[in-house]
Amino acid sequence: MALLKILRYPDERLHRVAAKVPEVTDEIRTLVHNMAETMYAAPGIGLAATQVDVHQRVIVIDVSDSHDQLQVLINPEITSSSGVSDSEEGCLSVPEVFAKIRRADYVLVKALNIHGDQYVLEANGLLAVCIQHEMDHLIGKVFVEYLSQLKQTRILGKIKKQQRNIM
Ligand code: NI
């Protein structure tokens with residue numbers, strides 16, 4: 001197991017579109033384990049492979065308080081969605097930035113599990129929001145890109161300031 005380096009916005013690699021996983025191999029299972037470890041250590045509630053510079057359709061999520069409800073979604077596809085949820089989101093690739101984003105409140109997702117078997121996941125509330133946020137990463141979209149240009153400019157300013165403080 002290993003902790004992976006998480007890309008920070010506005011790194012261009014966060015805009016790459018992930019490819020479908022052709023087969024769930026041991027290499028993918030190792031990636032999933034390392035992603036889960038990285039997410040728990042951060043700590044965060046979701047991580048997409050794109051964020052660790054692996055451009056394949058793999059997501060890990062755990063929205064439980066007990067951190068023992070790991071969900072692995074390989075090649076996820078939303079087959080239906082409904083309702084509206086406006087909730088505050090954050091992202092491990094955009095530290096210390098939070099913003100209210102509008103999403104569906106319910107999603108039905110089809111994905112492969114770690115054994116390569118297809119399953120269906122019904123989600124609402126926080127889990128539904130998290131799935132949509134992570135699936136956006138797989139198509140190269142970061143949540144702040146839903147905000148107005150003015151807000152995005154402010155966020156980029158804040159990030160530049162954070163980076164100056166680190167150096
Ligand atoms: Ni994120």
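**Charged contacts and a nickel site in a predicted model**

The charged end of Lys141 sits over the ring of Tyr146, 4.1 Å from the ring centre (NZ of Lys or CZ of Arg within 6 Å of the ring centre and within 35 degrees of the ring normal). The structure is a predicted model, in which local features need pLDDT of at least 70 and side-chain atom pairs count only at pLDDT 80 or more, while totals for chains, interfaces and linings use all residues. Residues are numbered from 1 along each chain as its sequence is written, and side-chain values use heavy atoms, with hydrogens and water left out.

Turning to the metal, the nickel ion has as protein donors Cys91 (SG), His133 (NE2) and His137 (NE2), at 2.1 to 2.2 Å (donors being N, O and S atoms within 2.8 Å of the metal, or 3.2 Å for Na, K and Ca). Both histidines belong to helix α2 (residues 125-138), four residues apart (helices are DSSP runs of H or I, at least four residues; strands are runs of E, at least two). His133 and His137 are both buried (under 20% relative accessible area, with exposed over 50% and partly exposed in between, for a 1.4 Å probe and protein chains only).

Six salt bridges are present (a side-chain nitrogen of Lys or Arg within 4 Å of a carboxyl oxygen of Asp or Glu). One of them joins Glu89 to Arg103, with the closest N and O atoms 2.8 Å apart. This pair links strand β4 (residues 85-89) with strand β5 (residues 99-103). Glu89 is buried at 4%, and Arg103 is buried at 7%.
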